[in-house]
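Student: I would like to go through the labels used for this model and ask what stands behind each of them.
Tutor: Go ahead, with the structure in view.

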Amino acid sequence: MKLSFLLDELGKLEECAIYHEKEFQVFARITTCLKETRCIFLTDKKYISLIPEGTTMVITTEAFKELFLERKEGVCICKNPKALYFTLLNYIANKKGGMFKTIIGENCSISEQAYIAPFNVIIGDGVKIEEFASVYEGTKIGNDCVVHSGAKIGIQDYNYFKQENQIQHVTHQGKTILGNNVEVGFNSVIGRALYDYSQTYIGDSCKIGCNTSVGHDDRIGNNVMICANVVIGGHAVIKDNVEISIGVSIKNGVFVGENVHIDMGSVVVRDVESNINVF
């Protein structure tokens, strides 16, 4: 696709200046590994060195114009790159189709007081979903899972940007996937992935306690135990056999290795290597 076409459809082409325009396949974060060509936004010079191969368009400010005119990427200059980027994401999300009727497996026990989105949900065999739980579009639940009362799977997660002194939500288009034998505690929430090609993933046999928040685009391995009142920011990676105790907060984008125990009340702000205990 071409950025100029999208901006013209949005009525924002005159607000931008585009140089050396190139086509791209997806919008993406700078740190996301993809085969597809991508369009990113950039507002801080510290990220310039992280721009990956395959980036064909950059949305940025006048301050970086001369730098990008000397590089191979195409560039779009505007006043608020982040706001423009997420406005484009929302516009694309509203244009997409591809609906299918929700599929529910055999031997499931689903409360009449639960909400299951009528489209774009797949529920495996032997799944139990209790009253007042909700399963939203883009969710796939494996076999023999339990979703306790009040839990919300595949929510439109916390993701906002400011535009003209207004705070606007970014529409999430990706998937939420629960493996087999996963249990989600009372009133816990799991965020839907942001991009249509990405996913929030909970591995087999994970157990998630009450009042816990799993952020969008998190990837949690197998046999992970997450106690009550835990908050995990978006784009975090938690590997296999990790135990996360009560009240832990994990910063977005953090990597936690295998066989780690994170003790009660910890605030995890940097990566954790495998096979250790942290507090």
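Student: Why is Glu53 called exposed?
Tutor: The model is a predicted one. Glu53 has a relative accessible area of 63%, and exposed means over 50%, so Glu53 is exposed.

Student: What makes Glu53 and Lys72 a salt bridge?
Tutor: The N to O distance between their side chains is 3.0 Å. The cut-off is 4 Å, so the pair counts as a salt bridge. The pair links distant parts of the chain, 19 residues apart: Glu53 lies in the loop between β3 and β4, and Lys72 in the loop between α2 (65-69) and β5 (74-77).

Student: Is Lys72 buried or exposed?
Tutor: Lys72 has 54% relative accessibility. Exposed begins over 50%, so Lys72 is exposed.

Student: How many salt bridges does the whole structure hold?
Tutor: The search finds three. One of them joins Glu73 and Arg71, at 2.9 Å from N to O. Glu73 has a relative accessible area of 3%, and buried means under 20%, so Glu73 is buried. Arg71 has 29%, which falls between 20% and 50%, so Arg71 is partly exposed.

Student: How do you know that Glu130 and Lys128 form a salt bridge?
Tutor: Their closest N and O atoms are 3.7 Å apart. That is within 4 Å, so the pair counts. Glu130, at 13% relative accessibility, is buried, while Lys128, at 40%, is partly exposed.

Student: Why is the pair of Tyr115 and Tyr136 called tilted?
Tutor: The ring centres are 5.8 Å apart, and rings pair within 6.5 Å. The planes stand at 45°. Under 30 degrees would be stacked and over 60 edge-to-face, so this pair is tilted. Tyr115 is in strand β8 (residues 115-116), and Tyr136 is in the loop between β11 (134-135) and β12 (139-141), 21 residues apart. Both side chains belong to partly exposed residues: Tyr115 has a relative accessible area of 39%, and Tyr136 has 29% relative accessibility.

Student: What makes Tyr195 and Tyr197 stacked?
Tutor: Their centres lie 5.3 Å apart and their planes are at 10°. The limit for stacked is under 30 degrees, so the pair is stacked. Tyr195 is buried at 5%, whereas Tyr197 is partly exposed at 30%. The structure holds nine aromatic pairs.

Student: Which residues do ring pairs link into a cluster?
Tutor: The cluster is made of Phe24, Phe27, Phe41, Tyr85, Phe86 and Phe161.

Student: Why are β1 and β2 called edge strands?
Tutor: The sheet is open, with five strands in the order β1-β5-β4-β3-β2 and mixed pairing. β1 (17-19) and β2 (26-27) each have a single partner strand, so one side of each has no neighbour in the sheet.

Student: How do you know that the buried residues of α1 are on the same side?
Tutor: In helix α1 (residues 3-10), the buried residues are Leu3, Ser4, Leu6 and Leu7. They cover an arc of only 160° around the axis, which places them on the same side of α1. Phe5 and Asp8 are exposed on the other side.

Student: Which strand pairs with β15, and in which sense?
Tutor: Strand β16 (residues 166-169) pairs with β15 in the antiparallel sense over four bridges. The two form a hairpin with two residues between them, and Glu164 in the turn has a positive phi of about 50°. Gln163 has Gln166 as its bridge partner in β16.

Student: Why does Tyr160 count as partly exposed?
Tutor: Tyr160, in strand β15 (residues 160-163), has a relative accessible area of 35%. That lies between 20% and 50%, so the label is partly exposed. With Tyr158 and Ile167, Tyr160 makes a nonpolar surface patch of about 390 Å².

Methods
Residues numbered from 1 in each chain as written. Predicted model: local features only at pLDDT ≥ 70, side-chain atom pairs only at ≥ 80, totals over all residues. Heavy atoms only, no water. Patch = residues over 30% accessible without salt bridge, like charges linked within 9 Å, V, L, I, M, F, W, Y side chains within 5 Å. Areas by Shrake-Rupley, 256 points an atom, 1.4 Å probe, with all protein chains shown as cover. Buried < 20%, exposed > 50% of the residue type's maximum accessible area, 1.4 Å probe, protein only. Phe/Tyr/Trp six-rings, centres within 6.5 Å; stacked < 30°, edge-to-face > 60°. Pairing = 2+ DSSP bridges. Arc of directions from axis to C-beta.
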